Amino acid sequence: MSTIPIDSLDDPRVALYRNLTDGDLAERGDLFMAEGALVVERLLRSDFETVSVLVTPARAAEFERIARPGVPIYTAPETLLQRIVGFKFHMGVLAVARQRVYTDLDRVLERVIDESDTHSATLLVLPQVRNAQNLGAIIRCAAAFGAVAVVLGERGTSPFFRYAVRVSMGSVFTVPLVKSLDLERDLKSLGERWGFESIATVLDAAAQPLSQVHGRGFAPRRAILLGSEDAGLEPRWVKLCDRRVTIPMRQGVDSLNVAMSAAVFLYELTKCD
């Protein structure tokens with residue numbers, strides 16, 4: 001499809017981009033916004049459904065080459081683009097796409113474990129991560145260290161909020177995301193059906209230090225549970241886990257950001273795979 005010039009703030013073809021919050025987009029059919037050249041490029045190369053792309057004229061050709069047939073490529077001068085989206089925006093490219101979150105963990109594991117053809121697997125379980133930027137960074141870590149999926153609790157934020165998508169650098173398009181409808185049931189299934197060891201990440205001097213875990217061995221399949229930014233893992237989730245592991249702190253530091261903790265745990269758990 002050739003590019004379509006936009007010359008008016010009120011053009012109905014770009015209404016989805018106009019001063020919309022994440023909630024506004026979700027109410028219009030589980031849509032989300034991707035921003036920045038690299039993120040939009042990864043969106044277009046993924047199997048997600050892209051509704052449309054909005055770019056400055058100087059960048060239109062590169063996205064026209066990679067967009068699937070039928071995806072509209074709208075162009076607008078930078079000053080008009082900023083007026084359309086309602087904030088100062090210098091990345092030159094936006095896209096609207098349709099969310100995809102799975103609700104059946106067993107079906108996801110049947111697919112990803114069969115595709116990887118390996119007995120080992122690591123996944124992340126996030127009962128209640130509320131900050132979109134933290135969630136995006138965690139999903140990026142999951143992609144970097146080869147986690148097979150990220151399981152989201154009912155009360156966490158959406159992985160398709162604009163900040164989450166941007167900070168993930170498009171990893172939300174490649175890592176399977178599961179919205180658990182019954183996290184307690186899913187955790188039990190991970191152990192009973194799939195042989196996963198559930199690992200509670202905690203701030204507790206009595207927990208096993210992460211540096212010592214390799215000496216005592218990880219299970220080949222492991223689920224890492226990460227807590228919320230303010231309160232950590234709730235006791236009910238800790239009780240469902242097979243072991244508690246902590247990152248020892250020095251110089252009076254009480255904790256790490258949850259995304260930093262995810263990176264440390266994932267590195268330790270996967271470096272010997």
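Biologist: How much space lies in the largest cavity?
Modeller: Keeping in mind that this is a predicted model, the largest cavity holds about 30 Å³ of space, and the structure has 1 cavity of 30 Å³ or more.

Biologist: Which residues line the largest cavity?
Modeller: Its lining is made up of L126, V129, L135, L152, G153, G156 and T157, and by class these divide into 4 nonpolar, 3 polar and no charged residues.

Biologist: And the open pockets, how much space lies in the largest pocket?
Modeller: The largest pocket has about 430 Å³ of space. It is lined by 21 residues, and those closest to the centre of the pocket are L203, S228, G232, S255 and L256.

Biologist: Which helix gives the most to the lining of the largest pocket?
Modeller: That is helix α11, residues 258-270, which contributes 3 residues to the lining. Taken by class, the lining of the largest pocket has 10 nonpolar, 9 polar and 2 charged residues.

Biologist: What about the second largest pocket, which residues line it?
Modeller: The second largest pocket, with about 150 Å³ of space, is lined by P127, Q128, G153, E154, R155, D182, L183, E184, R236 and W237. The elements that give two or more residues to this lining are α8 (183-192) and α10 (235-239). Its classes come to 3 nonpolar, 2 polar and 5 charged residues.

Biologist: Since α8 came up, is D186 buried or exposed?
Modeller: D186, which is placed in helix α8, has a relative accessible area of 6%, and because that is under the 20% cut-off, D186 counts as buried.

Biologist: Which side chain does D186 meet in a polar contact of 2.7 Å?
Modeller: The partner is S180, and the contact of 2.7 Å is between the side chains of the two residues.

Biologist: Changing topic, where does E35 lie, and is it buried or exposed?
Modeller: E35 belongs to strand β2, residues 31-35, and it counts as buried because its relative accessibility is 3%. The side chain of E35 is joined to that of R162 by a polar contact of 3.0 Å. As for A76, it is 41 residues from E35 in sequence and 15 Å from it in space, C-alpha to C-alpha.

Biologist: What ring does the charged end of R162 sit over?
Modeller: The charged end of R162 sits over the ring of Y163, at 5.2 Å from the ring centre. There is another arrangement of this kind at F48, where R100 lies over the face of the ring, 4.2 Å from its centre.

Biologist: Which residues form the aromatic cluster that F48 is in?
Modeller: F48 forms one aromatic cluster together with F32, F160 and F173, and a search of the whole structure finds 6 aromatic pairs.

Biologist: One last point on the backbone, what is the phi of M169?
Modeller: Phi of M169 is near 55 degrees, a positive value in a residue other than glycine. For context, most residues other than glycine have a negative phi.

Biologist: Where does M169 lie, and how does its accessibility class come out?
Modeller: M169 is in the loop between α7 (162-167) and β8 (177-179). Its relative accessibility is 22%, so M169 counts as partly exposed, whereas D186 counts as buried.

Note on methods
Residues are numbered from 1 along each chain as its sequence is written. This is a predicted model: local features need pLDDT of at least 70, side-chain atom pairs count only at pLDDT 80 or more; totals for chains, interfaces and linings use all residues. Side-chain values use heavy atoms; hydrogens and water are left out. On a 1 Å grid over the protein atoms alone, a cavity is a set of points where a 1.4 Å probe fits but cannot get out, and a pocket is an open set with protein on both sides within 12 Å along at least five of seven lines; lining residues have an atom within 4 Å of a point. Grid points are joined across faces, edges and corners, and a volume is the space filled by probe spheres set on the points. Helices (H or I, at least four residues) and strands (E, at least two) are DSSP runs, numbered from the N terminus. Ala, Val, Leu, Ile, Met, Phe, Trp, Tyr, Cys and Pro count as nonpolar, Asp, Glu, Lys and Arg as charged, and the others, Gly among them, as polar. Buried means under 20% relative accessible area, exposed over 50%, partly exposed in between (1.4 Å probe, protein chains only). A polar contact is a pair of N or O atoms within 3.5 Å; within protein, one must be able to donate a hydrogen and the other to accept it, and residues adjacent in sequence count only if both atoms are side-chain atoms. Rings of Phe, Tyr and Trp (its six-membered ring) pair if their centres lie within 6.5 Å; planes under 30 degrees apart count as stacked, over 60 as edge-to-face and the rest as tilted. A charge sits over a ring if NZ of Lys or CZ of Arg is within 6 Å of the ring centre and within 35 degrees of the ring normal.
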